[in-house]
Amino acid sequence: MSFQDILFYIFSAILVASALGVITVRNPVNSALLLVLAFVTCAGLWLLLEAEFLAIALVLVYVGAVMVLFLFVVMMLDINLDRLREGFWKWFPFGAAVALIMVAEMSMVLMGKYFGLEEMPAPKSQDTDYSNTRELGRLIYTEYVYAFELAAVLLLVAMVAAIALTLRHREDKKSPNPSKQVKVRKEDRLRIIAMSAEKKE
Amino acid sequence: MLCSAKLSWKNCDGDGWSVLMENIQQYFVEIFGTEWGSMLFSLATNMTFIFAIVIPLLLGVAYLTFAERKIIAYMQIRVGPNRVTFFGIPWLRGWGQPIADAVKAIMKEIVIPTGANKLLFLLAPVLTIMPALAAWAVIPFSPELVLADINAGLLYILAMTSMGIYGIIIAGWASNSKYAFLGAMRSAAQVVSYELAMGFALVCVLMMSQSLNLGDIVNGQQGGSFLNWYLIPLFPMFLVYLISGVAETNRAPFDVAEGESEIVAGFHVDYSGMAFTVFFLAEYSNMILVATLTSIMFLGGWLPPVDMAPFNLIPGIVWLLFKIAFILFFFLWFRATFPRYRYDQIMRLGWKIFIPITLVWIVLLGSIMQLPESIRNTFPLNVWF
């Protein structure tokens, strides 16, 4: 067994364990942190496949941004676990059926003729000056430009919708306007009046 | 990328060194077999390099705190630390202060508050310092001196610095304290907002250099003098990056995460002893990291300002250290002079000023890059290409 195989098994074991932890741990914050661990180990596995751009992008986007916001929200929620677990056994058969269908579908795709070792041999290692960031960029902007732009527009629409749904103009808010403050002049605020000096009797 | 990670011995040229290294490798191979031997040999060399980076870094952190206290003191017409010295030497007064502080921190008890999540409470400082140190792996100190010369160096740096926030959030949550939690919330929102502007500023750098490798980015700024540094064509991006860097490290004037006048000490209010010191180390090593990245990406890294006789005789690493110190001085200067931003002003600066500026600059730079050479050459003062 080579060093890389051992790394693979270590990463896989941590990944499976943390992924199981995500759905079994009682505390939602712990479960979000286990999901972070799962992402990081997954990035490690992708590095072993020499997909360094995808691995780093996974850490950058999911660990660095998405999960931070996720954690942010989960920490502020006051989740009553007992109430969440109330209907567990009632819905268990339904959930189990969905899970079974998903497992069956995934195994049909992954174990079938499309992803066998004959169809999909292990990627051959590239030279040191091969940059898969550059290759990805080239493909995205030439061959798959239509799909890429479609995805970008979808994201834009989602972003505009999210802002439009949550944006509200409050009439009662009190905030100073910096440009008004800067433009203010002495005459606007200060009135000098002539007063006759008063003497103490 | 993994296979391109290489250690360079070229800086230690002279056959003696390489022969020595080969002999050591042979020795490893003889003991552990071919594959494991070379694997363990590279592990050992990597560990040596890591220590060679981390130990000077931590010393730098210690003396950065001293420099900060001294510089801010002089700016405020005080003297600053001037007591602790080594072996009673009078002209070293004050220089023993960081060591004394470290010893004090190690001796103190780590108090774990009641109701705190003990595991996460102790894990948080570790999670803060881990990315702060790991990011140093790809920093090139001179043309040959780099631990991991990877193709996606810039992305790696972005990924690592974006992970630093977890320690702060977890610390705030696990402390079971309202002040700590408020600090963590503020910090999370702030860091996520400024990361975008920071990333976009770096996109401009990589458009100029056409590479994600930090060594190539410095080499792209070669050309005889400081006029070729990316500071000149990307000046607005330099400002955006520097200010976002200050915000990203939660330093004054963006230190609402600590906000001692409002929320005591923010996310680390319940930490004491070494656990607190680790947060402190992480903050200062992040500062040094941001200063290093700024000097590599905008100030030409190890390149001398003018490629002429007195300047280019000084080794590159000295120039790099000088530039880092220069940027770090700005951090201290900001802290001594600016009042803390209000929270909504921080958000306004990040989202409504920096992100539009960087987006416009990316489009502008892209359009200049796409112009035909003949039109580009007619620009007066063409600093871009």
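Visitor: What area is buried between chain A and chain B, and what share of it do carbon and sulfur atoms give?
Guide: Keep in mind that this is a predicted model. About 2,800 Å² is buried between chain A and chain B, and carbon and sulfur atoms give 77% of that.

Visitor: And how many salt bridges across the interface of chain A and chain B?
Guide: Zero by the rule used here. As for polar contacts, the count between the two chains is two residue pairs, both at pLDDT 80 or more.

Visitor: Which elements of chain A give two or more residues to the side that touches chain B?
Guide: Those are α1 (3-24), α2 (28-48), α3 (52-76) and α6 (132-141) of chain A. The most comes from α3(A), with 15 residues.

Visitor: How do the residues on that side of chain A divide into nonpolar, polar and charged?
Guide: There are 22 nonpolar, eight polar and four charged. Chain A brings 34 residues to the contact, and chain B brings 31 residues.

Visitor: Switching topic: how many residues are in the largest nonpolar core?
Guide: It has 114 residues. Among those with the most contacts inside it are Ile139(B), Tyr166(B) and Phe298(B). Helix α7 (residues 178-209) of chain B gives the most to this core, with 13 residues.

Visitor: Back to Tyr166(B): which residues of chain A does it touch?
Guide: Tyr166(B) touches Leu33(A), Val36(A), Tyr62(A), Val63(A), Met67(A), Val68(A) and Leu71(A).

Definitions and conventions
Residues numbered from 1 in each chain as written. Chains lettered and ligands numbered in written order. Predicted model: local features only at pLDDT ≥ 70, side-chain atom pairs only at ≥ 80, totals over all residues. Heavy atoms only, no water. Contact = heavy atoms within 4.5 Å. Buried area = accessible area lost by both parts, 1.4 Å probe. Salt bridge = Lys/Arg side-chain N within 4 Å of Asp/Glu carboxyl O. Polar contact = N/O pair within 3.5 Å; in protein donor to acceptor, adjacent residues only side chain to side chain. Helix = DSSP H or I, 4+ residues; strand = E, 2+ residues; numbered from the N terminus. Nonpolar A, V, L, I, M, F, W, Y, C, P; charged D, E, K, R; others polar. Core = buried A, V, L, I, M, F, W, Y, C linked by side-chain atoms within 4.5 Å. Buried < 20%, exposed > 50% of the residue type's maximum accessible area, 1.4 Å probe, protein only. Lists of a residue's contacts leave out its neighbours within four places in sequence.
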